[in-house]
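Here are my notes for someone opening this one for the first time. Have a look at the model, then read the points alongside it.

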Amino acid sequence: MRDEQPMTDLVNYELNDGIATITMQNGKVNAMSPEHIQAINGALDKAEADKAVVMLVGQPGIFSGGFDLKVFQRDAREGVEMVTAGSRLCRRLLAFPYPVVGVCTGHSIAQGCFTLMACDYRIGVDGPFNLGLNEVQIGMTMHHVGIELPRGRLTPAFFNRSVVNGEMYDPATAVVAGFLDKVVPAQEIMQAATAEATRLKGLNMPAHLATKLKARAQWLERLDWAIEEDYKTQMEALEALAG
């Protein structure tokens with residue numbers, strides 16, 4: 001059974017035989033604005049109600065270029081709230097009650113990569129695409145979530161190269177680093193992602209969730225601390241500037 005619904009202009013939701021495809025569609029780079037994050041959460045609410053395995057998909061050539069930088073420029077406090085919402089989205093994905101497949105359709109930068117790292121399985125397209133964490137390249141000190149989330153996904157050597165050195169990778173190297181699990185040709189991406197989602201659909205879901213939460217318990221606890229600490233320190237810094 002296929003049920004396709006444009007949840008908003010920012011995401012599309014399609015349910016087909018127990019697999020929910022959430023397609024992000026926020027402009028040329030799928031910038032994760034507050035509205036976009038809210039729309040993704042709304043689609044996840046529907047997937048959870050439908051008890052569906054999720055495929056979180058980008059647009060051709062781009063998964064996500066990260067946070068909407070215009071928000072930071074417009075209002076610093078709104079920027080802090082946006083970062084917090086993005087971090088909570090990642091935390092939600094890590095503990096989602098059904099498997100989540102991240103379908104990286106091209107470039108994935110910063111919050112785009114954080115979102116990928118929060119998915120249970122990550123499949124990407126081969127091609128001239130960049131994946132990585134560019135925060136220190138653009139003058140941003142990495143927030144706590146931006147350290148603790150990769151710590152649980154990347155190999156130790158690539159953790160340092162990615163978080164501290166701001167190195168970017170092609171898709172094949174992103175697999176070695178831990179950003180992705182598999183790379184396929186662009187024309188095969190949806191077929192391969194659907195095959196993996198179908199395999200995951202065969203799991204015993206209560207056992208999957210219980211094992212996921214047990215395996216990630218310390219990681220999730222650390223992320224909860226990081227989300228609170230990031231929000232507190234960023235708001236305190238803004239108050240100090242204002243006062």
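1. Which strand is joined to S7 by two bridges? That's strand S9 (residues 131–132), and S7 and S9 run parallel. Ser108 stands opposite Leu131 in S9. On its other pairing, S7 (residues 106–109) is joined by three bridges to strand S5 (residues 61–64), again in parallel. There, Gly61 has Gly106 as its bridge partner. Two strands pair if DSSP finds at least two bridges between them. Strands (E, at least two residues) and helices (H or I, at least four) are DSSP runs, numbered from the N terminus.

2. Before going on, a word on what you're looking at. This is a predicted model, with residues numbered from 1 along each chain as its sequence is written. Local features need pLDDT of at least 70 and side-chain atom pairs count only at pLDDT 80 or more, while totals for chains, interfaces and linings use all residues; side-chain values use heavy atoms, with hydrogens and water left out.

3. Now find strand S6 (residues 100–104), where five of five residues are buried. Buried means under 20% relative accessible area, exposed means over 50%, and partly exposed is in between (1.4 Å probe, protein chains only). In a regular strand the side chains alternate between the two faces of the sheet. In S6, Val100, Gly102 and Cys104 point one way, Val101 and Val103 point the other way, and all are buried.

4. S6 has strand partners to look at too. Strand S4 (residues 53–57) pairs with S6 in the parallel sense over four bridges, and Met55 stands opposite Val101. Strand S8 (residues 121–125) is also parallel to S6, joined by four bridges. Ile123 in S8 is the bridge partner of Val103.

5. Ile123 turns up again in the largest nonpolar core, which has 73 residues. Such a core is a set of buried Ala, Val, Leu, Ile, Met, Phe, Trp, Tyr and Cys residues joined through side-chain atoms within 4.5 Å. Ile123 and Phe179 touch the most other members. Leaving aside neighbours within four places in sequence, Phe179 is in contact (heavy atoms within 4.5 Å) with residues including Cys113, Leu116, Met117, Leu133, Leu154 and Tyr169. Arg122 and Ser162 are among the contacts of Phe179 as well.

6. Is Lys212 buried or exposed? Lys212 counts as buried because its relative accessible area is 5%. You'll find Lys212 in helix H9 (residues 205–215). Beyond its neighbours within four places in sequence, Lys212 is in contact with Leu94, Ala95, Phe96, Tyr98, Pro99 and Asp120.

7. Next, helix H5 (residues 144–151). Its buried residues are Val145, Gly146, Glu148, Leu149 and Pro150. What covers these buried residues includes helix H3 (76–94), helix H4 (111–117), helix H6 (156–164) and helix H10 (217–242).

8. On to the open spaces. The largest pocket has a volume of about 670 Å³. Of its 31 lining residues, the closest to the centre are Phe67, Phe72, Val83, Glu135 and Met140. Helix H2 (69–74), H3 and H10 each give two or more residues to this lining, with the largest share, five residues, coming from H10. By class, the lining has 15 nonpolar, 11 polar and five charged residues. On a 1 Å grid over the protein atoms alone, a pocket is an open set of points with protein on both sides within 12 Å along at least five of seven lines, a cavity is a set where a 1.4 Å probe fits but cannot get out, and lining residues have an atom within 4 Å of a point. Grid points are joined across faces, edges and corners, and a volume is the space filled by probe spheres set on the points. Ala, Val, Leu, Ile, Met, Phe, Trp, Tyr, Cys and Pro count as nonpolar, Asp, Glu, Lys and Arg as charged, and the others, Gly among them, as polar.

9. The search finds one cavity of 30 Å³ or more. Its lining is Val83, Thr84, Ser87, Val145, Ala226, Ile227 and Asp230, and H3 and H10 each give two or more of these residues.
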